[in-house]
Amino acid sequence: MINGIDRGPSRIDGARSIDLPSWNDLGVPLLRTPREFVAELHQRHLPQPGTTVVAVLDPEHRVTASASLATRPHITDGWHHRNALLAQLRRVVPHDLRLSVPVRTAVLLRCREGTPEWTEQDGAWMWALRDAAELHGLRCGSYLTLTPAGWHSIGDGRRGRNPHSGSWADGPIHTVTELPPRPVRELARELGRQHPVGAAVPVVPAVPVVPALPVVPVVPAAPVATVGTVTALNSVRRAAGS
């Protein structure tokens with residue numbers, strides 16, 4: 001990091017890893033209730049082996065933000081892990097770099113196979129957590145692993161059997177067993193666009209029913225008599241009277 005710009009890993013960075021004695025010397029703040037914390041993160045993210053979850057705690061040790069990420073197993077350099085964590089922190093929570101003393105804490109939960117005790121990979125992630133927290137204005141908090149043996153807070157020795165690295169399979173599974181016919185789905189989507197959930201549906205006023213008029217029989221019109229016809233009839237009547 002040169003003038004606030006990340007120029008990539010340099011030789012002076014060393015191994016970019018923290019061993020267990022050095023981690024204990026950092027004096028990271030302990031979680032008040034690690035069992036509840038792990039259970040909450042597990043319920044939110046259902047991490048599988050290979051997944052890392054970073055969380056931000058407020059001064060009351062409540063989770064205010066969290067994000068999960070997956071990294072390639074062959075990457076063992078803490079510099080790459082630091083960049084991945086920092087990107088997630090910037091996405092979910094604003095930085096506290098303007099504060100003279102950090103008030104929020106970054107905590108990391110790594111789900112993996114193998115032993116629950118410290119490994120070299122954990123050392124790289126510890127270095128990444130410490131550096132990413134500092135660059136985001138946060139305190140570096142606890143580092144926990146989630147393995148087949150359960151969860152383990154490295155450094156203070158607190159641990160439990162559940163959840164463990166295979167508990168994600170016990171989470172809720174949402175499946176679709178049957179879909180309605182296509183016209184019904186298209187109509188439902190159209191109605192959803194026209195009337196979203198919670199919106200008032202306009203009421204169409206009823207059209208008054210007008211009673212049908214009675215049928216009037218058609219009377220044929222009388223023949224029209226011309227002047228010549230009337231004169232001829234009068235002549236016949238006079239001849240008959242004489």
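**Entry: a cis peptide bond.** I began with Pro 163, which is found in the loop between β6 (159-160) and α5 (182-194). Since I am working from a predicted model, I note the value as it comes from the coordinates: the peptide bond from Asn 162 to Pro 163 is cis, with omega near -5°.

**Entry: strand β1 and its cover.** I then turned to strand β1, residues 51-57, and asked how many of its residues are buried. The count came to 7 of 7, and I therefore describe the strand as mostly covered, with buried taken as under 20% relative accessible area.

**Entry: the partners of β1.** Which strands are joined to β1, I asked next, and by how many bridges? Strand β2, residues 63-70, runs antiparallel to β1 and is joined to it by 7 bridges, and within this pairing Leu 57 has Val 63 as its bridge partner. Strand β3, residues 105-111, is also antiparallel to β1, with 6 bridges between them, and here I located Ala 55 opposite Val 107.

**Entry: the hairpin turn.** I followed the chain from β1 into β2 and recorded a hairpin with 5 residues between the two strands. His 61 lies in this loop between β1 and β2, and I read a positive phi of about 65° for His 61, although this residue is not a glycine. Is His 61 buried or partly exposed? I class His 61 as partly exposed because its relative accessibility is 22%, and the cut-off for buried is under 20%.

**Entry: another positive phi.** I also looked up Leu 46, which has its place in the loop between α2 (34-45) and β1. Leu 46 is not a glycine, yet its phi is positive, at about 45°. I count Leu 46 as partly exposed because its relative accessibility is 27%. I kept these phi values in the notebook because most residues other than glycine have a negative phi.

**Entry: aromatic rings.** My search for aromatic pairs returned a count of 1. Trp 23 belongs to helix α1 (residues 20-25) and Tyr 143 to strand β4 (residues 139-147), so that the pair links distant parts of the chain, 120 residues apart. I checked the accessibility of both and found Trp 23 buried, as is Tyr 143.

Terms used
Residues numbered from 1 in each chain as written. Predicted model: local features only at pLDDT ≥ 70, side-chain atom pairs only at ≥ 80, totals over all residues. Heavy atoms only, no water. Buried < 20%, exposed > 50% of the residue type's maximum accessible area, 1.4 Å probe, protein only. Helix = DSSP H or I, 4+ residues; strand = E, 2+ residues; numbered from the N terminus. Pairing = 2+ DSSP bridges. Phe/Tyr/Trp six-rings, centres within 6.5 Å; stacked < 30°, edge-to-face > 60°.
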